[in-house]
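Student: Could you take me through a close look at the aromatic residues in this structure, and at the nonpolar surface patch as well?

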Amino acid sequence: IRADSGRFALGGGEYYFVVNGTDQSYDGEFDIALRKATTKTEVMALDTTVNGLVDQPGQWVEYTLTIADATTLLFDSLTNSSDLRWDLVGPDGWIRSGYGFDQSESGNSSALIAIGTPGAHTLRVYSQTNATAEFGFQLVDLGSTPGLVLPSAQYITLNPSNSTQVFGFDVTAGDYLSYRFGSLSQGDAQIWLIDPNGNRLGSV
């Protein structure tokens, strides 16, 4: 015994929990807690900040949402944690599984989620080490972001400072794009592009 177990499902009936010593050199002393893993279910909406809490070891926090149309979503993690993970399941099955919050900042390609089939979806958050933790995130629907008419000047405030704002704009094939950086009062940020197919083109 060296670590916590993951969450696992059981059928009905009577079970027996067995601890079997394997080292004859020492008297075995163990601190073990056996508990039923719980699931919290809540409703969420796109383009809305979600703040949640895994408040029991082994707990899943599941958010249900309905996506009306095929679109591309952006998972924006507001919590820098390598322990917290998220899954997304839709009508066609798994869309994302086991992605870390620290790997799902909006600048990471794993944060882009193509939704091909509309309908009911479930986003699950959990700790891979059975820890308790607070977390925050938002699912940004690129199809409903505010539009820009080029040329356009923007004064942007990110609150919280690790959040994301997305703007859409139309161009014609063969057009060139540039931007002018005016000033930064504090903090830091990335700027990058997503093409009409939902692919990240890299930082600009």
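Tutor: Happy to! A patch is made of residues with over 30% relative accessible area and no salt bridge, with nonpolar side chains joined within 5 Å. In this predicted model, F17, V19, F30, I32 and L34 make such a nonpolar patch, with a surface of about 520 Å². F17 sits in the segment before β1 (39-43) and counts as exposed because its relative accessibility is 53%.

Now to the aromatic rings. A search of the whole structure gives 9 aromatic pairs. One of them joins F75 and F101: the ring centres are 5.6 Å apart and the planes stand at 90°, so this pair is edge-to-face. It connects distant parts of the chain, with F75 in strand β4 and F101 in the loop between β6 (93-100) and β7 (112-115), 26 residues apart. F75 is buried, at 0% relative accessibility, and F101 is buried too, with a relative accessible area of 1%.

F101 also forms an edge-to-face pair with F135, at 6.0 Å centre to centre and 65° between the planes. Because F101 belongs to the loop between β6 and β7 and F135 to strand β9 (residues 133-141), this pair ties together parts 34 residues apart in sequence. F135 is buried, with a relative accessible area of 4%.

Over the face of Y99 lies R96, at 5.4 Å from the ring centre. Elsewhere, R124 lies over the face of W60, at 3.8 Å from the ring centre.

Note on methods:
Residues are numbered from 1 along each chain as its sequence is written. This is a predicted model: local features need pLDDT of at least 70, side-chain atom pairs count only at pLDDT 80 or more; totals for chains, interfaces and linings use all residues. Side-chain values use heavy atoms; hydrogens and water are left out. Patches are made of residues with over 30% relative accessible area and no salt bridge: like charges are joined within 9 Å, nonpolar side chains (Val, Leu, Ile, Met, Phe, Trp, Tyr) within 5 Å. Accessible areas come from the Shrake-Rupley method with a 1.4 Å probe; for residues, only the protein chains shown count as cover. A salt bridge is a side-chain nitrogen of Lys or Arg within 4 Å of a carboxyl oxygen of Asp or Glu. Helices (H or I, at least four residues) and strands (E, at least two) are DSSP runs, numbered from the N terminus. Buried means under 20% relative accessible area, exposed over 50%, partly exposed in between (1.4 Å probe, protein chains only). Rings of Phe, Tyr and Trp (its six-membered ring) pair if their centres lie within 6.5 Å; planes under 30 degrees apart count as stacked, over 60 as edge-to-face and the rest as tilted. A charge sits over a ring if NZ of Lys or CZ of Arg is within 6 Å of the ring centre and within 35 degrees of the ring normal.
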